[in-house]
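Hi,

Here is the model I said I'd pass on.

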Amino acid sequence: DADIDALAALPAALGSADLTATLIAAVAAAAFLAGWVDAVVGGGGLVQLPALLLAFPTATPAQLLATNKLGSIFGTTSATITYYRRVKPDLRTALPMAVAAYVGAIGGAFIGLHIPKSAFNPIILVLLVVVGAYTLFKPSLGTTTALRWDGVRHTGTAVLIGFVIGVYDGALGPGTGSFLVFALVGLLGYAFLQASAKAKIANFATNLGALTVFAPGGHVMWVVGGVLAAANLLGGYVGARTAVRLGSRFVRTVFIVIVSAFIVRIGGQLLGWW
């Protein structure tokens with residue numbers, strides 16, 4: 001059983017059974033922060049997945065990805081409901097994008113079963129640098145909604161965004177929310193707040209798509225996932241309310257800060273700084 005194997009490995013790795021509860025609490029704290037970040041601007045997986053990697057070094061990539069998805073889907077559900085009630089995103093765009101994202105994530109999850117851990121960080125780092133630089137050097141980006149297209153072209157672009165990022169989320173995952181927000185802002189012309197609302201609906205679909213593959217395959221660590229789910233749910237609720245109250249400028253600021261922090265963290269790890 002994946003849960004028993006992973007949890008049993010903790011005392012041996014730490015040298016003390018007394019520290020197991022402390023480590024689980026730390027993972028829960030990371031999941032709360034991930035839920036908050038994901039709800040505000042996306043990218044909570046860049047907090048949660050590294051926490052799982054540190055806590056369960058003997059787990060397989062598939063177990064880590066699957067358990068991360070289980071926790072994340074609760075946070076995205078909470079954030080989606082909050083955004084829908086308060087921002088009223090246009091479902092004519094959000095729902096087709098979510099369906100495409102779900103299909104893409106199923107395909108991506110099959111790819112993810114064969115991706116080695118060593119490939120995670122380099123891929124994510126390159127994507128973050130591109131997204132972060134583009135956002136930083138275009139200060140007007142995402143301050144207001146100014147759609148570039150309408151009708152079929154608008155919906156078709158949203159569907160393509162959903163599918164491509166859905167494949168990425170199923171295969172790797174971290175940063176998916178941020179990439180969805182960036183694509184909706186940069187390609188379609190939404191303000192950050194509206195983009196975040198639509199991104200949550202698509203991100204829920206990608207999590208569900210990945211779990212459609214991972215759960216029947218027995219890759220989910222259910223006990224750990226339950227802890228993540230509860231913390232992520234609360235973080236998602238708090239984060240969505242914060243974003244709605246403070247608006248697009250706040251979301252853009254958090255986006256830049258979070259992306260920059262992850263670039264430093266992942267880049268430093270690849271360079272052996274820590």
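This is a predicted model: local features need pLDDT of at least 70, side-chain atom pairs count only at pLDDT 80 or more; totals for chains, interfaces and linings use all residues.

Below is what I found, grouped by region.

Residues are numbered from 1 along each chain as its sequence is written, and side-chain values use heavy atoms, with hydrogens and water left out.

Let's start with helix H2, residues 20-40. Helices here are DSSP runs (H or I, at least four residues), numbered from the N terminus. Buried residues in H2 include Val27, Ala31, Trp36 and Val40; buried means under 20% relative accessible area, exposed over 50%, and partly exposed in between (1.4 Å probe, protein chains only). Just after H2, Gly42 has a positive phi of about 85°.

What does Trp36 pair with? There are two aromatic pairs, counted when ring centres of Phe, Tyr or Trp (its six-membered ring) lie within 6.5 Å; planes under 30 degrees apart are stacked, over 60 edge-to-face, and the rest tilted. Trp36 and Phe250 form an edge-to-face pair, 6.4 Å centre to centre with 85° between the planes. Trp36 is in H2 and Phe250 in helix H10, so this pair ties together parts 214 residues apart in sequence. Phe250 is partly exposed at 23% relative accessibility. Thr242, also found in H10 (residues 222-271), is buried at 12%. Leaving out residues up to four places away in sequence, Thr242 touches Trp36 and Phe250 (contact means heavy atoms within 4.5 Å).

The other pair is Tyr168 with Phe179, again edge-to-face, at 5.5 Å centre to centre and 75° between the planes. Tyr168 sits in helix H7 and Phe179 in helix H8 (residues 176-188), so the parts tied together are eleven residues apart in sequence. Tyr168 is buried at 13%, and Phe179 is buried at 8%.

On to charges: how many salt bridges does the whole structure hold? The search finds two, taking a salt bridge as a side-chain nitrogen of Lys or Arg within 4 Å of a carboxyl oxygen of Asp or Glu. Asp169 bridges to Lys69, with the closest N and O atoms 2.3 Å apart. That pair links helix H7 to helix H4 (residues 61-87), 100 residues apart. Asp169 counts as buried at 1%, and Lys69 counts as buried at 2%. Asp90 and Arg92 make a bridge as well, 3.1 Å from N to O; Asp90 is partly exposed at 27%, and Arg92 is exposed at 67%.

Lys88 lies in the loop between H4 and H5 and has a positive phi near 55°, though the residue is not glycine. Most residues other than glycine have a negative phi. At 55% relative accessibility, Lys88 is exposed.

Lastly, the surface: Val99, Val103, Leu160, Phe163 and Val164 make a nonpolar patch of about 460 Å². Helices H5 (91-112) and H7 (151-171) are the elements giving two or more residues to the patch, and H7 provides the largest share, three residues. Patch members have over 30% relative accessible area and no salt bridge, with like charges joined within 9 Å and nonpolar side chains (Val, Leu, Ile, Met, Phe, Trp, Tyr) within 5 Å; areas come from the Shrake-Rupley method with a 1.4 Å probe, and for residues only the protein chains shown count as cover. Leu160, in H7, is exposed at 54%.

Cheers

Definitions and conventions
The expected span of a helix is 1.5 Å times one less than its number of residues.
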